[in-house]
Amino acid sequence: MKKFFSSKMGFFAIAVILLWIKTYITYKVEFNLGVSGAMQEFLLFINPLSSALIVLGIALFAKGKRAGIWIIALEAVLSFILYANVVFYRFNSDFITIPTLMQTSNFGSIGGSIADLTAGHDVFYLFDIILLIALFVYSRKKWQPTRMKIRKPLAVLTAGAIAFTVNLGLAEADRPQLLERTFDRNYVVKYLGAYNFMVHDAIQSAKTSTRRVLADSDDITEVENYTKYKYAEPNAEYFGKGKGKNIIKIHLESFQSFLIDYELHGEEVTPFLNKLVHDQSEDFTYFDNFFHQTEQGKTADAELIMDTSLYGLPQGSAFVTKGTNTYQSLPAILGQQQDYTSAVFHGDNKSFWNRDEVYKHLGIDKFYDASYYDMSEENIINYGLKDKPFFKESMPILEDMEQPFYAHMMTLTHHHPYLIDEEDASIDPAETGDGSVDRYFQTARYLDESLEQFFNDLKEKGLYEDSIIMIYGDHYGISDNHNRAMEEITGEEITPLKNADLQRVPFMIKVPGVEGQGINHEYSGQIDVMPTMLHLLGIDARDYIQFGTDLFSEDHKEYVPFRNGNFMTDEYSYIDGKFYDSKTKEVIEEPTEEMQKMKEEVLHELELSDEVLYGDLLRFYTPNEVWEPVDPTEYIYGKEYDEDYEEPVVEQEPEMKTDNEVNRKQDDTDTKEETE
């Protein structure tokens with residue numbers, strides 16, 4: 001036995017076993033794959049074997065000691081892939097895909113998040129490499145310098161192929177059409193493994209890259225028929241009520257709806273937003289069953305969905321991989337039909353998420369990126385400009401915009417890992433012991449205060465009363481990797497259904513001259529925003545390819561698809577292969593025919609949206625006589641190219657204190673007096 005383990009084949013066997021064990025432990029410790037039953041547990045255990053045999057087996061074709069070097073190198077490559085997925089999963093609850101790797105322009109801005117996602121025990125991922133190097137140094141002298149007989153490496157590769165075939169057969173038996181009809185990467189990793197998933201993803205990426213070449217004008221017909229079938233007639237009480245009004249669209253970064261009305265240490269975390277929700281005099285309508293529908297594109301997905309009523313892609317970000325597509329976006333339609341000027345305000349680098357290119361294809365007139373703002377050290381944290389200086393410095397630009405305008409204000413401070421300077425924190429952190437969750441409430445309070453400041457400035461400058469104000473959350477802030485801490489926060493067990501419930505994000509809207517509804521309980525999602533806005537502005541959404549429906553329509557479709565094929569309705573939900581009763585939260589053991597049909601319709605809808613993006617099908621579609629395709633060459637972004645831009649004078653008036661800040665200052669004074 002000792003002689004075998006010091007041989008070349010013994011060294012190979014040890015490498016396979018180490019990689020196999022390490023991968024399985026990682027599955028159990030780092031990933032939440034939803035394993036259920038003995039078959040799935042068995043598949044999870046065996047799926048690393050085929051990859052280890054095939055990849056490391058390639059090294060056996062090398063001559064002499066080089067085989068050992070190749071084995072170590074290939075083990076290191078597979079270990080790096082595994083660890084990269086671990087770090088990515090800790091925040092995204094997802095796995096790296098080829099399109100994600102293409103988003104290299106984003107990497108420079110996410111260093112803080114990556115550092116926060118590493119842990120001391122991560123040295124575990126180097127253990128097998130270190131052990132193999134030590135073993136190689138010890139045993140290599142006993143190895144034959146010649147190449148191994150060809151039948152041995154071929155036998156290893158054959159064994160790997162057989163292991164994969166058996167693995168795939170059992171997986172298909174437990175989950176039919178695993179590779180054909182699933183949008184959930186967790187399933188592929190659970191059944192086939194992290195390494196085989198990378199191969200599958202590469203094949204899928206190659207397939208999708210050919211779709212545009214093969215697409216033609218006939219492909220859009222089925223999509224058009226479906227969206228016209230789903231179309232909801234506008235509500236006559238709301239149709240056209242916002243025509244000619246400015247639109248101010250405010251993006252609440254990583255903001256989940258459970259923050260609304262949440263109290264920490266006896267204090268409201270978001271007192272200003274709570275006021276907008278509950279004070280009828282504010283005339284807002286708040287949709288408390290509104291969900292984000294983003295996937296790997298996160299913020300970029302939210303932008304795409306809300307401005308085009310198309311779903312994001314199942315892998316990667318359409319902003320990056322389909323940034324040059326033809327789009328028929330809300331800003332472009334408003335510009336062509338009602339002479340709106342459109343602009344995005346964002347205190348970050350203009351190339352992040354490929355925005356400086358994709359915005360041109362969306363027909364956005366101006367992009368006020370970091371170059372327009374004071375990015376001095378005291379004004380930035382984490383991803384970019386702090387929210388308070390962002391809103392303050394945006395006001396002079398907003399004042400000077402030609403009206404009516406469509407202004408998209410994108411905040412940044414409330415972003416993982418939720419860093420905040422001590423002087424900006426006006427509420428103590430939570431006390432769960434999970435840093436991201438604990439700080440989450442502090443940056444949410446800061447965002448709430450910055451929003452109150454912005455509203456006060458809008459009113460002072462005369463822009464508030466004549467503007468449609470839209471506030472929305474883009475995606476989750478706390479992933480399911482923080483379930484322990486979130487159970488302390490919510491006081492409930494975080495089941496798969498509860499996690500889906502937590503994907504609610506705020507959506508609230510105020511239309512000048514229209515009485516707000518207060519809290520609206522319609523089930524809805526980001527996909528519904530564009531048709532809602534078109535109808536508020538008096539433009540019939542029927543002509544356009546849109547998968548959402550008007551939120552104020554009596555025919556609004558009350559189901560919310562998620563990108564992985566799950567969905568929620570007011571009566572039942574489909575989460576990770578199970579149906580749940582929305583009232584009792586219990587599993588529905590015998591789903592009705594209606595439920596099964598809804599499941600199929602959701603998958604069909606997602607597939608049609610994918611066809612539009614992968615095939616760039618909107619280039620073949622003319623919605624009406626007034627539409628003109630957007631010409632991206634007409635747009636150029638950056639202060640250095642902006643001939644119309646004049647450096648605004650930001651008023652250096654004493655900072656207006658929010659109600660909460662005034663109360664906090666008084667509390668501090670009272671405490672000081674008591675101490676003295």
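Residues are numbered from 1 along each chain as its sequence is written. Because the model is predicted, local features need pLDDT of at least 70 and side-chain atom pairs count only at pLDDT 80 or more, while totals for chains, interfaces and linings use all residues, and side-chain values use heavy atoms, with hydrogens and water left out.

An unreviewed UniProt entry places the feature "active site" at T299; such positions follow the numbering used here, feature names are shortened, and annotations may be inferred rather than shown by experiment. T299 is found in helix 13 (residues 299–308), where helices are DSSP runs of H or I with at least four residues and strands are runs of E with at least two, numbered from the N terminus.

Leaving aside neighbours within four places in sequence, T299 is in contact (heavy atoms within 4.5 Å) with H251, E253, W353, R355, M410, D474 and H475.

N325 lies in the loop between helix 14 (318–321) and helix 15 (330–338), and its side chain reaches the backbone oxygen of L613 at 2.8 Å.

The open sheet has eight strands in the order 7-6-10-1-11-12-4-13, with mixed pairing, two strands being paired if DSSP finds at least two bridges between them. Its edge strands are strand 7 (366–368) and strand 13 (518–520). Strand 6 (residues 341–346) runs parallel to strand 10 (residues 405–410), joined by six bridges, and H346 has M410 as its bridge partner in strand 10.

Technical notes: A polar contact is a pair of N or O atoms within 3.5 Å; within protein, one must be able to donate a hydrogen and the other to accept it, and residues adjacent in sequence count only if both atoms are side-chain atoms.
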